Amino acid sequence: MWYMETQAPTAVTDRGRRSRESIVDAAAALMYTHGVAGTSVDKVLAASGAGKSQMYHYFKNKDQLVEAVIDRYLERILGNQPTIRALTSWADFDRWAEELLALHRGPDGPIACPLGNLAGELGDQPRVRLLLDRAYRDWESHLERGLHTLRDKGLLRSTADPARLAQSAMACLQGGLLLGHIRNDITPIEDVLRIAITHLRSHAVDADERG
């Protein structure tokens, strides 16, 4: 049974951090495969090698563990597309799309988006919906920041809205990831990324306008 508190304690020692990380990693793997409902405390403990006292020290309720798992998913998602953190040219946006495609063309692909999995299972729960929205907005913010950079450099029209463009690209990508995984077919992801990049580039300042 999970005790009810609102904020998880922070690990302050190296050993404590390793213990907490192993619990989060185990929970992330189990929730990805079996869902949150199918992930019990005992399963997390068995997979992580942690004891119940450690579990309850760091996570007093299941919501706290889910929040940590969402953060871990986002960390891994962004780690798989490093170019997204430094989008300073249109070529960088092309490289970002290629990084995503390379990941989903791998032997385990197309891969389900772990945030999308949680949204499908728990997206109607107000607290989880807020946590997922925060994660998606963090992911999206890197696209928005890159588009602001392009606009500042005169490569994106001044009338373009980076936030709206980033949102549309994310919406395209999420739809492609869902269909790509369900159909075990990379083409939906290829198509939506091409559509997203084409839409972004339709707001580019061309050579004549710059001249």
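Me: A helix is a DSSP run of H or I with at least four residues, and helices are numbered from the N terminus. With that settled, where is the place of N184?

Reply: Happy to start there, with the reminder that this is a predicted model. N184 is in the loop between α8 (162-183) and α9 (187-201).

Me: Is N184 buried or exposed, and how do you know?

Reply: Exposed means over 50% relative accessible area. N184 has 57%, so the residue is called exposed. The backbone of N184 also deserves a look: phi is near 50°, a positive value in a residue other than glycine.

Me: What puts the buried residues of α2 on the same side of the helix?

Reply: The buried residues of α2 (residues 41-48) are V41, V44, L45 and S48. These four cover an arc of only 100° around the axis, and therefore share one side of α2.

Me: Now a loop residue with another label. Why is Q81 called buried?

Reply: Buried means under 20% relative accessible area. Q81 has 2%, so the residue counts as buried. The loop in question is between α4 (62-79) and α5 (90-104). With neighbours within four places in sequence set aside, Q81 is in contact with W96, E99, L100 and W139.

Me: Which residues does W139 contact, leaving aside neighbours within four places in sequence?

Reply: The list includes L74, I77, L78, Q81, C113, L115, M170 and L177. W139 is also one of the residues that touch the most other members of the largest nonpolar core, along with W90, F93, W96, L115 and L143. That core holds 62 residues.

Me: What makes a set of residues a nonpolar core?

Reply: The members are buried residues of the nonpolar kinds, Trp, Phe and Leu among them, joined through side-chain atoms within 4.5 Å. In soluble globular proteins, nonpolar side chains tend to be buried together.

Me: Let's turn to charge. Why is the contact between D25 and R72 called a salt bridge?

Reply: The limit is 4 Å from a side-chain nitrogen of Lys or Arg to a carboxyl oxygen of Asp or Glu. For D25 and R72 the N to O distance is 2.2 Å, so the pair qualifies. The pair links distant parts of the chain, with D25 in helix α1 and R72 in helix α4, 47 residues apart. D25, at 31% relative accessibility, counts as partly exposed, while R72, at 8%, counts as buried. Both belong to a salt-bridge network that also includes R20, E21, E75 and R76.

Me: What does the R134 and D71 salt bridge tie together?

Reply: R134 meets D71 at 3.4 Å, N to O. R134 is in helix α7 (residues 126-152) and D71 in helix α4, so parts 63 residues apart in sequence are tied together.

Me: How far apart along helix α7 are D133 and R137?

Reply: D133 and R137 are four residues apart, about one turn of the helix. Their closest N and O atoms are 2.7 Å apart, in a salt bridge. D133 is partly exposed at 34%, whereas R137 is exposed at 52%. The structure holds 14 salt bridges.

Me: Which peptide bond is cis, with omega near -10°?

Reply: The bond from G109 to P110. P110 is in the loop between α5 and α6 (114-122).

Me: Where does UniProt place the "DNA-binding region"?

Reply: The unreviewed entry gives residues 40-59. In the model, that span is 75% helix and 0% strand, with its end C-alpha atoms 13 Å apart. The UniProt entry also lists "domain: HTH tetR-type" at residues 17-77, a span that is 80% helix and 0% strand in the model.

Technical notes: Residues are numbered from 1 along each chain as its sequence is written. This is a predicted model: local features need pLDDT of at least 70, side-chain atom pairs count only at pLDDT 80 or more; totals for chains, interfaces and linings use all residues. Side-chain values use heavy atoms; hydrogens and water are left out. Buried means under 20% relative accessible area, exposed over 50%, partly exposed in between (1.4 Å probe, protein chains only). Helices (H or I, at least four residues) and strands (E, at least two) are DSSP runs, numbered from the N terminus. The arc is that of the directions from the helix axis to the C-beta atoms. Contact means heavy atoms within 4.5 Å. UniProt positions are given in the numbering used here, feature names are shortened, and annotations may be inferred rather than shown by experiment.
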